[in-house]
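Dear colleague,

Please find the structure below, followed by a written account of what was found in it. I would be grateful if you read the two side by side.

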Amino acid sequence: MTRATVVPAESPSPWSDGRVNMSTSLAGLEMPSPVLTASGCAAAGRELDQFFDITRLGAVVTKSITLEPRAGRPTPRMAETPSGMLNSIGLQGPGITAFVERDLAWLTQRGARTVVSIAGDTVEDYAKLAKTLRMHDGVDAIEVNISCPNVAERGQVFACSPDSASAVIQAVRRNTDSRVPILAKLSPDVTDITSIAVACVRAGADGLSVINTLLGLVIDTEQMRPALAGVTGGLSGPAIRPVAVRCVWQIRQALPDIPILGMGGIRTGLDALQFILAGAQAVSVGTTVFNDPSGPIRVHQELSTALAERGFSSLAEAVSYAHRAPQDRGLSESIAPAEIDEDSL
Amino acid sequence: MPEQYRGEVVSVRRAGSYHVLTLTAGSIATQTRPGQFVALAIGGEESGLLLRRAFSIHGVQERGVFGGTVDVVVSPHGAGTRWLAQRHRGDAVNLVGPLGRPFSLPRDPVSCALVGGGYGSAPLFMLAEQLRARGCRVDMVLGAATEEKLFGVLEAKRMASTVTLTTDDGSLGQTGQVTDALAGVMDQHGTDVVYACGPMGMLAAVANMATARGVYSQCAVEESMACGIGVCMTCVLPVIGDDGTTRMVRSCIDGPVFRGDTVRWADVGTIPPDTLGASPVRESSEGAR
């Protein structure tokens, strides 16, 4: 699939093959690429910047940051699973103060677009995090990780209740500059993801990140006990991709205009294309980074090529294309089958 | 600076229970310092095994017919290591490296004991070479469960002033563990610095023995990793910083080599309550990040 890169001077994205306009807009966040990192899979960008220029990404989505420093959970924190992995890190991180001073400052100085992911134990935590971020430059958007236990609700995860999810989003919206978009990151571990999506949008979310990990468990058959010290963990990687694409599809049908950042097991440009066709304006590459540190760049290039092969001149034209009725699929006849790589069929 | 390299297998040879793979590695080879590691992708671009496996670099050849190459020692015990052990000359293997902090080398020509458990001895030979080049005395202690599981005995004999071997079953050398032999070696040769690589239990015992004697130690840990490049936060262990504070640090970036007296060996696998950011007994079933 990979093709020689031609870089015309006027190309909107200097590292696409120049035929497809890859720029995208996510709730007002303008990006030259639709490919972002995923929270928890890129730290705060610095490590990956050794492998590729992170300013070429749509944005860096940081690991979820909490108010206070957190040591996280004991090890083992990870188990490999078929086409995926289970993790239980426990939000280890330096806390918002050190994050702002060290990581956000570095990202800003580096010139990377930055989506700061925040996580809390209470609605008040989220409000305080938003207040702190409001005082600093370089926050291009906030992704609200609501897949955290709500201490006030006996540990029920915010993302699993429309009311709790709304309360968090409202608190963040109220304490965030109106020019900074807020993305609610949804959990797939719910009966009806669209009802949570609608609740978040009503509460003021400007866009949705779809999806977080799925709760899973691996038993170590040698030790005959759970493989992770935290017992359960979040499942990620290509194994969850069909679940993620389904969630994007359902939310796009329920909310035709809401910006969606799609993620869940994206490994190739064609994987990313599934999310775009299902309704996402942009995508995050997460677990794949562990396998291929420069994966996000490769996915961008492969996606650009795949769009060109299908006759799209811009990424925007492809968003939600799979939802179109046959008579509205104007592009389909413009693609000669011979142009499509066999691997992509 | 680490890089990603599409390497290929130059050779695979058996060494006891282990397989030694020589892989083309471009400038990874020229950058490598003793104690650093490479993270190898398993099974090609569509593999269902996504996580890289970390291997300490056993040796390098900076330039040759194949350009730079690195040697790694593989003990086939799981799906990933079995796949690696089954590679043949010319097969593709994707490498990221060199990763991690190397062993620090003494400024003065001091007396060094190098301790390896099983194939944990892999990085010690590059180290021994560099120590010798600085005029250091090198004594090696290699231990394993059985003779088959000792790695690098001949190489050790070629490089070190003395080599002491131990096996749990007595199939070669002294019956027992490396720590049983180490005290004698340290006394006899006036060891100033201990370098060690091997399983956690062995490292804990070696580090504690060195610390008890007021001897400086450097230990390369083996923690399970998902990425090897510092982004996934799975390979953490409790380490005391210069400020006296314990933090959960990444063995891939802040290690794999740690000063033996800074690792809280007894607490590995836990979050000690006095760790920076340790929670006041906050348990939940939440599993996502």
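B:Val239 has B:Arg247 as its bridge partner in strand β14 of chain B. Strand β13 (residues 236-240) of chain B and β14(B) run antiparallel and are joined by five bridges; two strands pair if DSSP finds at least two bridges between them. In this hairpin five residues lie between the strands, and B:Gly244 takes a positive phi near 85°. Four of the five residues of β14(B) (residues 246-250) are buried, which leaves the strand mostly covered. Here buried means under 20% relative accessible area and exposed over 50%, with partly exposed in between (1.4 Å probe, protein chains only). Helices (H or I, at least four residues) and strands (E, at least two) are DSSP runs, numbered from the N terminus.

The model is predicted: local features need pLDDT of at least 70, and side-chain atom pairs count only at pLDDT 80 or more, whereas totals for chains, interfaces and linings use all residues. Residues are numbered from 1 along each chain as its sequence is written, chains are lettered from A and ligands numbered from 1 in the order in which they are written, and side-chain values use heavy atoms, with hydrogens and water left out.

Chain B also contains a barrel, closed by six strands in the order β1-β2-β5-β4-β3-β6 with antiparallel pairing. On average, neighbouring strands of this sheet are turned by 45° against each other, direction ignored. B:Gly7 stands opposite B:Val93 in β6(B).

In chain A, four strands form an open sheet in the order β5-β6-β16-β13, again with antiparallel pairing. At the edges stand β5 (78-81) and β13 (214-217) of chain A, each with a single partner strand, so one side of each has no neighbour in the sheet. From one strand to the next the twist averages 35°. Strand β6 (residues 84-87) of chain A pairs with strand β16 (residues 232-236) of chain A in the antiparallel sense over three bridges, and A:Asn87 stands opposite A:Gly234 in β16(A).

The loop between β5 and β6 of chain A holds A:Pro82, which counts as exposed because its relative accessibility is 70%. Not counting residues up to four places away in sequence, A:Pro82 touches A:Ala239 and B:Gly48; contact means heavy atoms within 4.5 Å.

By contrast, A:Phe99 in helix α1 (residues 96-110) of chain A counts as buried, at 2% relative accessibility. Leaving aside neighbours within four places in sequence, A:Phe99 is in contact with A:Thr62, A:Ile65, A:Pro94, A:Leu104 and A:Val116. A:Phe99 and A:Ala44 are 55 residues apart in sequence, and their C-alpha atoms are 8.8 Å apart in space.

Helix α6 (residues 269-278) of chain A is largely enclosed by the rest of the structure, because seven of its 10 residues are buried. Among the buried residues are A:Leu273, A:Phe275 and A:Ile276. The buried residues of α6(A) pack against several elements of chain A, including α5 (241-254), β17 (260-263) and α8 (295-309). After α6(A) comes A:Gly279, whose phi is positive, near 130°.

The axes of α5(A) and α6(A) come within 8 Å and cross at roughly 20°. Axes are lines fitted to C-alpha atoms, for helices over the stretch in contact, and angles run from 0 to 180 degrees between N-to-C directions. The two helices α5(A) and α6(A) are therefore roughly parallel to each other (angles under 35 degrees count as roughly parallel, over 145 as roughly antiparallel, 65 to 115 as roughly perpendicular and the rest as oblique). The residues in the contact of α5(A) with α6(A) comprise six nonpolar, one polar and three charged. Ala, Val, Leu, Ile, Met, Phe, Trp, Tyr, Cys and Pro count as nonpolar, Asp, Glu, Lys and Arg as charged, and the others, Gly among them, as polar.

The contact is made by A:Pro162, A:Ala165, A:Ser166 and A:Ile169 of α3(A) with A:Ile196, A:Ala199 and A:Cys200 of α4(A). By class, this contact of α3(A) with α4(A) has six nonpolar, one polar and no charged residues.

With kind regards
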